[in-house]
Amino acid sequence: MSSPSIHDVAVVGGGIVGCATALALSEAQPGLNIVILEKEARLAAHQTGHNSGVIHAGLYYRPGSLKALNCTAGREALYTFCAEHGIPHERCGKVVVAVDAREVAALDELERRGRANGLDGLERLDAAQVRAREPHAAAVGGLFVPQTGIVDYIRVVEVMAELVRRRGGTICLGTELRAVRPEQGELRLQTSAGEMVTRLLVNCAGLHCDRVARLAGIEPGLRIVPFRGEYYEVRPERRNLVRHLIYPVPDPTLPFLGVHFTRMIDGTVEAGPNAVLAWKREGYRWYDCSPGDLVDTLAFVGFWRLAGRFWRVGMAEYHRSFSKAAFVASLQRLVPEVRAEDVTRGGAGVRAQAVDRDGKLVDDFRIVTAERMVHVLNAPSPAATASLSIGRVVAGEVTRLLNG
């Protein structure tokens, strides 16, 4: 039997947060033996590879929160990274529109938050100014956010991974973590590809981060509840309806931004997403179901407390999922000229939303340090935008543990 491979740091999860963490560690401590464990046959297979490619400005997040701080720092770091490595991107800006007078107060609050988060150049728009930027949008007013952009996050991860490899890191694809056993100042990992030994473990497992924490003997105090976001794609001949990005004023009680229009870096235009409970943590189609994942959700008391508060919203989202007419009607609030024949069903993503036992949606990023471990336990949007900053924060925790 061959001896187990030995590493300084094992990063579980080959999405953008895991790769950014490995990259930050390779920069901070050259020569560190780093391995990324990814259970799929490719990197960025789930949340990273199924999002809308938006580089978020940091408009929505509570000033001083981890989301706000890391989104702001990560956004500019990402723009610099893309420029340095020739990754196609565009700082195109977006328009947030208030479709009626009732939304103006919420738009005021967004502007206040944006300025508190350091967004210079925010421009308040009247109805005519909205039409000048997005001629087909319906609005009584709006907010132009110049820092927002678009990029292909899969390409970003590919470049990150190549840099990690060049600096001596190892990436193990098709390698699922199955058990963690502390042993004499190190951690012995059982994986689908055999045994490994590491000094430290970093959990960036996204949709499975709570399970990885439990494998490692940590009770995270939350459960990942998967929400599927489904998109439509605007037909090529009607893409002129959207110049760049058009967003609604979001519901402040929910972590989802509402259906919006996004011109992607390849020129396609996406419309969506909705937000429905997924019956599988990696369930990108409405009929995808994992009995184990579903039982895991339904057996969690926090889910039922959450459902008790938001069941009406949930039913409306399911209606929009199954009814194209309902989905199109929600799109028409932003762009009235959109017709059902202008859009076709597109892809979907699954958001790893952490929910606590009280049924509260965990709003901020959550990073927990334990003995010989760092766990990233809640990193939904804007985690892709913030990934380089999150990676540096986690790398700092790892360095402290290594030197402690």
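Which residue takes a positive phi just after helix 3? The residue is G118, with a phi of about 85 degrees. The model is predicted: local features need pLDDT of at least 70, side-chain atom pairs count only at pLDDT 80 or more, and totals for chains, interfaces and linings use all residues. Residues are numbered from 1 along each chain as its sequence is written, and side-chain values use heavy atoms, without hydrogens or water.

Helix 3 spans residues 104-116. Helices are DSSP runs (H or I, at least four residues) and strands likewise (E, at least two), numbered from the N terminus. From first C-alpha to last, helix 3 reaches 18 Å, close to the 18 Å expected (1.5 Å times one less than the number of residues). L107, L110, E111 and G114 of helix 3 are buried (under 20% relative accessible area, 1.4 Å probe, protein chains only). These four cover an arc of only 100 degrees around the axis, which puts them on the same side of helix 3. The arc is taken from the directions from the helix axis to the C-beta atoms. The buried residues pack against strand 5 (94-98), strand 6 (123-126) and strand 7 (141-145).

G272 lies in strand 16 (residues 269-272). G272 counts as buried because its relative accessibility is 0%. The C-alpha atoms of G272 and Y231 are separated by 4.6 Å, although the two residues are 41 apart along the chain. Leaving aside neighbours within four places in sequence, G272 is in contact (heavy atoms within 4.5 Å) with E230, Y231, G258, V259, H260, F327 and L331.

Notes: Buried means under 20% relative accessible area, exposed over 50%, partly exposed in between (1.4 Å probe, protein chains only).
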